Each structure stands twice: as structure tokens, then as C-alpha cells.
Amino acid sequence: TANWNAVVGATGYELDVYEKVLGTSPNLVQNSGFESGNLTSWTFESSMNEVISTTEAKSGTSSLYTSVIATKNFKQAISVENATEYVLKFSYFIDNTATGNGFRVWTTVGTDIKLPSTSTFYNEKGSWVTVEHTFTTTGTSVELNFRLYNGVKIYFDDIQINKSQSSSVLNYVSGFENMNVGNVTSKNIT
């Protein structure tokens, strides 16, 4: 039963019944799961040994595999809205035979991301690890960089940048959107 207080001078009331659902925003990273079977939309430095792998995948059937013998970067430029909160999320798997310091993630344009920090590295080996980080943009483009260090053998999958989920959508129950209920202060809802 929906109840409300009478409003002085009102001659009738309308009733809305809805379900509030968190909004979804598209992933802004192109070729984020590498399911296309190619490395389109990503830029790699030379000698990164980058390939599409079907050996390991966090989801789907493919991932990016790379191994480096020197410090190397791969990146993608992404269009965003200025002064807006986004979530960066990605998964990685470092091979147990890898050596060295692993990798870092940072941005060079559009916001200030340094993960895990300016002096530490991601280097957990032998299983998939998912990282999630919220950030606010300072421009209309973000350049997302993955910096790999000598000796790392690594898979990446499900790289995402989505607008933060602070928005919502109202799904109205059929027959209960702007329903005229007359001059009453209660309505049974079934």
C-alpha cells in the first residue's frame, strides 16, 4: 500500500511505481578483451613479443600475451568527459617463470594514475589478479600506459574504463506511471 500526506488545495494525485536500476556505461577501451584475434587499437613499443593467446584468458577465449627483455610500454588513447569520475579495471596473469619487477600502470594525459604507486610494481605470479581503480579526469583524453619491466611474461585481459556508476535508470511498473488515483491519500499496489 502506498500512502502519502494530503496537500492543501490538491484535487487529485498521481502515483508512480518504479524499480531503480543502476545505470551502465560502455567500456571506452577498444579491443579490451582481445577477442577480435588481433591487437587493433593498441600501440606497442618494439621487441615486446606481443601476441593474442588462447592459452590463458580471464574471460572469453583470448588475451594479450607479451614478454620483454627490457622496459617496454603498450598504450591506448581514450576519449573521456572532463572532470568526470571513471573506473579503470583490468586483469593480469604473470607466468611463474617470469623474472624482474612485473609492471606498472599510469597515464600521461588527462588524469594522474600511478598504479600501484610510483615506487612499487604489480608482480603477483601464477593466477589471475583483477585490479580496480577509480579516478577523475582532468581533460577530454586519457592515455593509458602499461609499463612492463625486464623479464616479465604476462597475460592481460578485460581492460576497461567505464564512467562511474552514480547514475540510475527508472523502470516503471506497467500501468503505474503517472497513474491518476483521484483525491485519496492511499492506494493498494498489487
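How many bridges join strand S4 (residues 43-44) to strand S7 (residues 72-79)? Two bridges join them, and the strands run antiparallel. The structure is a predicted model, in which local features need pLDDT of at least 70, side-chain atom pairs count only at pLDDT 80 or more, and totals for chains, interfaces and linings use all residues. Residues are numbered from 1 along each chain as its sequence is written, and side-chain values use heavy atoms, with hydrogens and water left out. The protein has 16 strands and zero helices; helices (H or I, at least four residues) and strands (E, at least two) are DSSP runs, numbered from the N terminus.

**Overall form**

- The radius of gyration of the protein is 24 Å, well over the 16 Å that the globule rule gives for 190 residues, so the protein is more spread out than a compact globule. This radius is taken over C-alpha atoms, and the globule rule is 2.2 Å times the number of residues to the power 0.38.
- Taken along the principal axes, the box filled by the C-alpha atoms of the protein is roughly 80 × 35 × 25 Å.
- Of the 190 residues in the protein, 39% are buried; buried means under 20% relative accessible area, exposed over 50%, and partly exposed in between (1.4 Å probe, protein chains only).
- The protein has an accessible surface of about 10,200 Å², and 46% of this belongs to carbon and sulfur atoms. Accessible areas come from the Shrake-Rupley method with a 1.4 Å probe, and for residues only the protein chains shown count as cover.
- Among contacts (heavy atoms within 4.5 Å) between residues at least 6 apart in sequence, 79% join residues at least 24 apart.

- Two strands pair if DSSP finds at least two bridges between them.
- Eight bridges pair S7 with strand S12 (residues 141-148) in the antiparallel sense.

**Asn 145 in strand S12**

- Asn 145 is found in strand S12 and is buried, with a relative accessible area of 4%.
- A polar atom of the Asn 145 side chain lies 3.2 Å from the backbone oxygen of Glu 143.
- Beyond its neighbours within four places in sequence, Asn 145 is in contact with Phe 74, Lys 75, Arg 104, Val 105, Trp 106, Thr 107 and Thr 108.

**The sheet S5-S6-S13-S8-S11**

- A further open sheet of five strands has the order S5-S6-S13-S8-S11 and antiparallel pairing. Strand S5 (51-53) and strand S11 (129-136) stand at the edges with a single partner strand each, so one side of each is left without a neighbour in the sheet.
- On average, neighbouring strands of this sheet are turned by 35° against each other, direction ignored. The axes are lines fitted to C-alpha atoms, for helices over the stretch in contact, and angles run from 0 to 180 degrees between N-to-C directions.
- Strand S8 (residues 85-94) runs antiparallel to S11 and is joined to S11 by eight bridges; Lys 89 stands opposite Glu 132 in S11.
- S8 also pairs with strand S13 (residues 153-163) in the antiparallel sense over eight bridges, and the bridge partner of Ser 91 in S13 is Asp 157.
- Eight of the 10 residues of S8 are buried, so S8 is largely enclosed by the rest of the structure.

**Two loop residues**

- Ser 164 lies in the loop between S13 and strand S14 (168-172) and is buried, with a relative accessible area of 16%.
- The side chains of Ser 164 and Glu 85 form a polar contact of 2.7 Å. A polar contact is a pair of N or O atoms within 3.5 Å; within protein, one must be able to donate a hydrogen and the other to accept it, and residues adjacent in sequence count only if both atoms are side-chain atoms.
- Not counting residues up to four places away in sequence, Ser 164 touches Glu 85, Tyr 86 and Val 87.
- Thr 118, in the loop between S10 and S11, counts as exposed at 57% relative accessibility.
- From C-alpha to C-alpha, Thr 118 and Val 105 are 9.6 Å apart in space, and they are 13 residues apart in sequence.
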